[in-house]
Amino acid sequence: MSMLGNILRSLSSLIYGDGCIICGDHTHKGMHSICTKCRLEIPLTHFYSKEDNPVKERFDGFVAVEHASAMFFYVTNSRWQGLVHRFKYSGKWQIAYSMGRWYGSLLKESGLYADIDVIVPVPLHPIKILKRGYNQSRYIAEGMAKEMGVKVDARSVRRLRNNPSQARNTATARWANVESLFGVRRTEALRAKHILVVDDVLTTGATITSCIQAIKAALPDCRVSVAALSTTIRRERM
Ligand SMILES: [Zn+2]
(Lines give C-alpha, C1' and ligand atoms only; values in the text may rest on other atoms or scores of the structure.)
Protein backbone atom coordinates (compact mmCIF):
# COMPACT_ATOMS: atom_id res chain seq x y z
CA MET A 1 0.00 0.00 0.00
CA SER A 2 1.25 3.52 -0.79
CA MET A 3 2.26 5.95 1.92
CA LEU A 4 -0.79 8.06 1.14
CA GLY A 5 -2.96 4.95 1.48
CA ASN A 6 -1.41 4.21 4.86
CA ILE A 7 -1.99 7.77 6.04
CA LEU A 8 -5.61 7.74 4.88
CA ARG A 9 -6.18 4.40 6.60
CA SER A 10 -4.61 5.67 9.85
CA LEU A 11 -6.77 8.80 9.69
CA SER A 12 -9.95 6.83 9.11
CA SER A 13 -9.00 4.53 12.03
CA LEU A 14 -8.73 7.61 14.21
CA ILE A 15 -12.10 8.92 13.07
CA TYR A 16 -14.12 5.72 12.74
CA GLY A 17 -12.19 3.26 14.94
CA ASP A 18 -10.68 0.03 13.63
CA GLY A 19 -12.20 -1.36 10.45
CA CYS A 20 -13.45 -4.86 9.69
CA ILE A 21 -11.17 -7.46 11.33
CA ILE A 22 -11.21 -9.54 8.14
CA CYS A 23 -10.76 -7.02 5.30
CA GLY A 24 -9.92 -3.78 7.16
CA ASP A 25 -12.74 -1.89 5.42
CA HIS A 26 -14.28 0.99 7.34
CA THR A 27 -17.31 1.66 5.18
CA HIS A 28 -19.54 -1.45 5.43
CA LYS A 29 -20.72 -1.35 9.02
CA GLY A 30 -21.35 -4.81 10.47
CA MET A 31 -21.52 -6.64 13.80
CA HIS A 32 -18.67 -7.61 16.16
CA SER A 33 -16.12 -5.73 13.98
CA ILE A 34 -16.91 -7.83 10.90
CA CYS A 35 -18.27 -5.84 7.96
CA THR A 36 -21.47 -6.65 6.10
CA LYS A 37 -19.55 -7.51 2.92
CA CYS A 38 -17.39 -10.15 4.66
CA ARG A 39 -20.50 -11.49 6.41
CA LEU A 40 -22.10 -12.04 3.02
CA GLU A 41 -19.01 -13.52 1.36
CA ILE A 42 -17.69 -15.94 4.01
CA PRO A 43 -18.22 -19.58 2.91
CA LEU A 44 -20.54 -20.63 5.76
CA THR A 45 -21.14 -24.39 6.01
CA HIS A 46 -24.69 -24.17 7.45
CA PHE A 47 -23.81 -27.52 9.10
CA TYR A 48 -24.76 -25.97 12.47
CA SER A 49 -28.44 -25.95 11.53
CA LYS A 50 -28.46 -29.61 10.38
CA GLU A 51 -28.64 -32.63 12.64
CA ASP A 52 -26.77 -34.78 10.07
CA ASN A 53 -23.90 -33.20 8.22
CA PRO A 54 -20.38 -34.14 6.96
CA VAL A 55 -18.67 -32.97 10.18
CA LYS A 56 -21.02 -35.04 12.35
CA GLU A 57 -20.44 -38.05 10.07
CA ARG A 58 -16.71 -37.68 10.58
CA PHE A 59 -17.11 -38.84 14.21
CA ASP A 60 -19.38 -41.81 13.43
CA GLY A 61 -17.73 -45.06 14.48
CA PHE A 62 -15.05 -43.28 16.54
CA VAL A 63 -16.85 -41.52 19.37
CA ALA A 64 -20.49 -40.70 20.18
CA VAL A 65 -21.34 -37.01 19.83
CA GLU A 66 -24.73 -35.33 20.22
CA HIS A 67 -24.19 -32.62 17.60
CA ALA A 68 -21.20 -31.54 15.55
CA SER A 69 -20.59 -28.70 13.14
CA ALA A 70 -18.19 -26.13 11.76
CA MET A 71 -18.90 -22.51 10.94
CA PHE A 72 -17.07 -21.92 7.64
CA PHE A 73 -15.02 -23.80 5.03
CA TYR A 74 -11.26 -23.45 5.43
CA VAL A 75 -10.18 -22.69 1.86
CA THR A 76 -6.42 -22.86 1.17
CA ASN A 77 -4.87 -19.54 0.05
CA SER A 78 -8.09 -17.64 0.69
CA ARG A 79 -8.67 -14.67 3.01
CA TRP A 80 -10.51 -17.13 5.27
CA GLN A 81 -7.32 -19.11 5.73
CA GLY A 82 -5.54 -15.79 6.32
CA LEU A 83 -8.11 -14.98 9.00
CA VAL A 84 -7.29 -18.20 10.91
CA HIS A 85 -3.54 -17.67 10.49
CA ARG A 86 -3.77 -14.16 11.91
CA PHE A 87 -5.32 -15.28 15.18
CA LYS A 88 -3.23 -18.45 15.33
CA TYR A 89 0.22 -17.20 14.41
CA SER A 90 0.16 -13.38 14.45
CA GLY A 91 -1.17 -12.62 17.93
CA LYS A 92 -4.58 -11.35 16.76
CA TRP A 93 -6.64 -13.05 19.47
CA GLN A 94 -9.38 -10.42 19.09
CA ILE A 95 -10.26 -12.00 15.73
CA ALA A 96 -10.78 -15.38 17.41
CA TYR A 97 -13.08 -13.74 19.97
CA SER A 98 -15.12 -11.83 17.36
CA MET A 99 -15.51 -14.91 15.18
CA GLY A 100 -16.51 -16.88 18.29
CA ARG A 101 -19.29 -14.37 18.99
CA TRP A 102 -20.58 -14.68 15.45
CA TYR A 103 -20.49 -18.49 15.56
CA GLY A 104 -22.14 -18.46 18.98
CA SER A 105 -25.03 -16.41 17.59
CA LEU A 106 -25.42 -18.89 14.69
CA LEU A 107 -25.49 -21.84 17.12
CA LYS A 108 -28.07 -20.04 19.21
CA GLU A 109 -30.26 -19.44 16.16
CA SER A 110 -29.97 -23.09 15.11
CA GLY A 111 -31.64 -24.35 18.31
CA LEU A 112 -29.71 -27.66 18.20
CA TYR A 113 -27.22 -26.38 20.77
CA ALA A 114 -29.76 -24.90 23.19
CA ASP A 115 -29.06 -27.32 26.07
CA ILE A 116 -25.26 -26.90 26.14
CA ASP A 117 -24.13 -26.44 29.79
CA VAL A 118 -20.47 -25.57 29.38
CA ILE A 119 -17.90 -24.90 26.64
CA VAL A 120 -14.48 -26.60 26.74
CA PRO A 121 -11.85 -25.30 24.30
CA VAL A 122 -9.45 -27.98 23.04
CA PRO A 123 -6.47 -27.32 25.31
CA LEU A 124 -2.95 -26.53 24.12
CA HIS A 125 0.10 -27.80 25.97
CA PRO A 126 1.46 -25.16 28.44
CA ILE A 127 4.71 -24.93 26.42
CA LYS A 128 2.75 -23.99 23.29
CA ILE A 129 0.73 -21.41 25.27
CA LEU A 130 4.01 -19.88 26.49
CA LYS A 131 5.26 -19.63 22.91
CA ARG A 132 2.03 -18.28 21.40
CA GLY A 133 0.87 -16.28 24.40
CA TYR A 134 -2.63 -17.76 24.43
CA ASN A 135 -4.86 -20.60 23.27
CA GLN A 136 -6.80 -19.31 20.26
CA SER A 137 -9.61 -21.85 20.86
CA ARG A 138 -10.10 -20.35 24.32
CA TYR A 139 -10.90 -16.98 22.73
CA ILE A 140 -13.26 -18.59 20.21
CA ALA A 141 -14.95 -20.34 23.16
CA GLU A 142 -15.22 -17.11 25.19
CA GLY A 143 -16.89 -15.35 22.26
CA MET A 144 -19.35 -18.21 21.77
CA ALA A 145 -20.10 -18.40 25.50
CA LYS A 146 -21.01 -14.72 25.58
CA GLU A 147 -23.64 -15.20 22.88
CA MET A 148 -24.91 -18.55 24.17
CA GLY A 149 -25.12 -17.49 27.83
CA VAL A 150 -22.98 -20.34 29.18
CA LYS A 151 -19.61 -20.60 30.91
CA VAL A 152 -16.20 -21.64 29.56
CA ASP A 153 -14.22 -24.29 31.42
CA ALA A 154 -10.59 -24.06 30.30
CA ARG A 155 -9.12 -25.79 33.38
CA SER A 156 -10.67 -29.23 33.70
CA VAL A 157 -9.27 -30.79 30.53
CA ARG A 158 -5.55 -30.55 29.84
CA ARG A 159 -3.10 -31.57 27.19
CA LEU A 160 -0.62 -34.14 28.46
CA ARG A 161 1.90 -34.04 25.62
CA ASN A 162 3.23 -31.25 23.45
CA ASN A 163 2.78 -33.12 20.19
CA PRO A 164 4.21 -31.55 17.05
CA SER A 165 1.95 -29.70 14.63
CA GLN A 166 -0.42 -31.97 12.76
CA ALA A 167 -0.36 -29.82 9.64
CA ARG A 168 2.15 -31.89 7.67
CA ASN A 169 1.16 -35.34 8.93
CA THR A 170 -0.69 -37.92 6.87
CA ALA A 171 -4.11 -38.97 8.16
CA THR A 172 -2.73 -42.23 9.60
CA ALA A 173 0.12 -40.43 11.35
CA ARG A 174 -2.35 -37.92 12.82
CA TRP A 175 -4.39 -40.65 14.47
CA ALA A 176 -1.26 -42.35 15.89
CA ASN A 177 -0.01 -38.98 17.09
CA VAL A 178 -3.04 -38.11 19.22
CA GLU A 179 -3.45 -41.30 21.30
CA SER A 180 -3.86 -40.41 25.01
CA LEU A 181 -3.10 -36.79 24.31
CA PHE A 182 -5.55 -35.39 26.89
CA GLY A 183 -6.49 -35.87 30.54
CA VAL A 184 -9.32 -34.62 32.79
CA ARG A 185 -8.31 -33.37 36.22
CA ARG A 186 -11.45 -31.73 37.69
CA THR A 187 -14.27 -34.16 37.01
CA GLU A 188 -16.74 -32.51 39.48
CA ALA A 189 -16.96 -29.38 37.31
CA LEU A 190 -18.15 -31.33 34.26
CA ARG A 191 -20.14 -34.19 35.77
CA ALA A 192 -23.42 -34.98 33.93
CA LYS A 193 -23.04 -31.87 31.76
CA HIS A 194 -23.63 -31.37 28.05
CA ILE A 195 -20.19 -30.18 26.98
CA LEU A 196 -19.45 -28.27 23.77
CA VAL A 197 -15.86 -28.96 22.68
CA VAL A 198 -14.47 -26.09 20.59
CA ASP A 199 -11.52 -26.03 18.18
CA ASP A 200 -10.28 -23.64 15.50
CA VAL A 201 -9.78 -25.91 12.46
CA LEU A 202 -11.22 -29.41 12.00
CA THR A 203 -9.40 -31.58 9.44
CA THR A 204 -9.40 -35.32 10.16
CA GLY A 205 -11.10 -34.83 13.53
CA ALA A 206 -8.33 -36.90 15.19
CA THR A 207 -7.40 -34.31 17.84
CA ILE A 208 -10.99 -33.54 18.87
CA THR A 209 -11.83 -37.28 18.93
CA SER A 210 -8.90 -37.87 21.30
CA CYS A 211 -10.10 -35.01 23.51
CA ILE A 212 -13.69 -36.34 23.61
CA GLN A 213 -12.48 -39.88 24.37
CA ALA A 214 -10.54 -38.55 27.38
CA ILE A 215 -13.62 -36.65 28.61
CA LYS A 216 -15.92 -39.66 28.19
CA ALA A 217 -13.44 -42.01 29.89
CA ALA A 218 -13.33 -39.72 32.95
CA LEU A 219 -17.03 -38.75 32.83
CA PRO A 220 -19.20 -41.52 31.35
CA ASP A 221 -22.39 -39.61 32.33
CA CYS A 222 -21.70 -36.49 30.27
CA ARG A 223 -22.79 -35.72 26.72
CA VAL A 224 -20.47 -34.05 24.22
CA SER A 225 -21.03 -31.91 21.13
CA VAL A 226 -18.46 -30.34 18.80
CA ALA A 227 -18.16 -26.88 17.27
CA ALA A 228 -15.11 -26.12 15.12
CA LEU A 229 -14.75 -22.60 13.77
CA SER A 230 -13.64 -23.88 10.37
CA THR A 231 -13.25 -27.17 8.53
CA THR A 232 -11.49 -28.63 5.51
CA ILE A 233 -14.29 -31.21 5.22
CA ARG A 234 -16.31 -30.27 2.14
CA ARG A 235 -19.97 -30.59 1.37
CA GLU A 236 -19.73 -33.95 -0.37
CA ARG A 237 -19.54 -37.17 1.60
CA MET A 238 -16.01 -38.53 1.93
ZN1 LIG B 1 -14.76 -7.02 5.89
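Ser 230 touches Ala 70, Phe 72, Tyr 74, Val 84, Asp 200, Val 201 and Leu 202 when residues up to four places away in sequence are not counted, a contact being defined by heavy atoms within 4.5 Å. Ser 230 belongs to strand 7 and is buried, with a relative accessible area of 0%. Here buried denotes under 20% relative accessible area, exposed over 50%, and partly exposed the range in between, with a 1.4 Å probe and protein chains only.

The model is a predicted one, in which local features need pLDDT of at least 70 and side-chain atom pairs count only at pLDDT 80 or more, whereas totals for chains, interfaces and linings use all residues. Residues are numbered from 1 along each chain as its sequence is written, and side-chain values use heavy atoms, with hydrogens and water left out.

The protein contains 9 helices and 7 strands; these elements are DSSP runs numbered from the N terminus, helices being H or I of at least four residues and strands E of at least two. Of its 238 residues, 50% count as buried. The protein exposes about 12,000 Å², of which carbon and sulfur atoms supply 52%; accessible areas come from the Shrake-Rupley method with a 1.4 Å probe, and for residues only the protein chains shown count as cover. Among contacts between residues at least 6 apart in sequence, 74% join residues at least 24 apart.

In soluble globular proteins, nonpolar side chains tend to be buried together. A nonpolar core is taken as a set of buried Ala, Val, Leu, Ile, Met, Phe, Trp, Tyr and Cys residues joined through side-chain atoms within 4.5 Å. The largest nonpolar core holds 38 residues, of which Met 99, Ile 119, Met 144 and Leu 196 touch the most other members. At least two residues of this core come from each of strand 1, helix 4 (79–89), helix 5, helix 7 (136–148), strand 6 (194–202) and strand 7 (223–231). Helix 5 gives the most to this core, with 7 residues. The core lies between domain 1 (1–41) and domain 2 (43–231), because both domains give residues to it; the domain bounds come from an automatic or database domain assignment. Another core, of 30 residues, lies apart from this one and has Leu 181, Val 197, Cys 222 and Val 226 among its members. With neighbours within four places in sequence left aside, Met 144 is in contact with Gly 100, Arg 101, Tyr 103, Gly 104, Leu 107, Ile 119, Leu 196, Val 198 and Ala 227.

A search of the whole structure finds 4 aromatic pairs. Rings of Phe, Tyr and Trp (its six-membered ring) pair if their centres lie within 6.5 Å; planes under 30 degrees apart count as stacked, over 60 as edge-to-face and the rest as tilted. Phe 47 and Phe 73 form an edge-to-face pair, 5.6 Å centre to centre and with 90 degrees between the planes. This pair links distant parts of the chain, 26 residues apart: Phe 47 is in the loop between helix 2 (36–41) and helix 3 (54–59), and Phe 73 is in strand 1 (residues 68–73). Phe 47 is buried at a relative accessible area of 4%, and Phe 73 is buried at 0%. Tyr 48 and Tyr 103 also form an edge-to-face pair, with 6.1 Å centre to centre and 70 degrees between the planes. Distant parts of the chain, 55 residues apart, are again linked, with Tyr 48 in the loop between helix 2 and helix 3 and Tyr 103 in helix 5 (residues 93–110). Tyr 48 is buried, with a relative accessible area of 4%, and Tyr 103 counts as buried at 0%. Ring pairs also link Trp 93, Tyr 134 and Tyr 139 into a cluster.

Two arginines lie over ring faces: Arg 39 over Trp 102, at 4.3 Å from the ring centre, and Arg 234 over Phe 73, at 4.4 Å from the ring centre. The criterion for a charge over a ring is NZ of Lys or CZ of Arg within 6 Å of the ring centre and within 35 degrees of the ring normal.

Most residues other than glycine have a negative phi. Asn 77, by contrast, has a positive phi near 60 degrees; Asn 77 is found in the loop between strand 1 and helix 4 and is exposed, with a relative accessible area of 72%.
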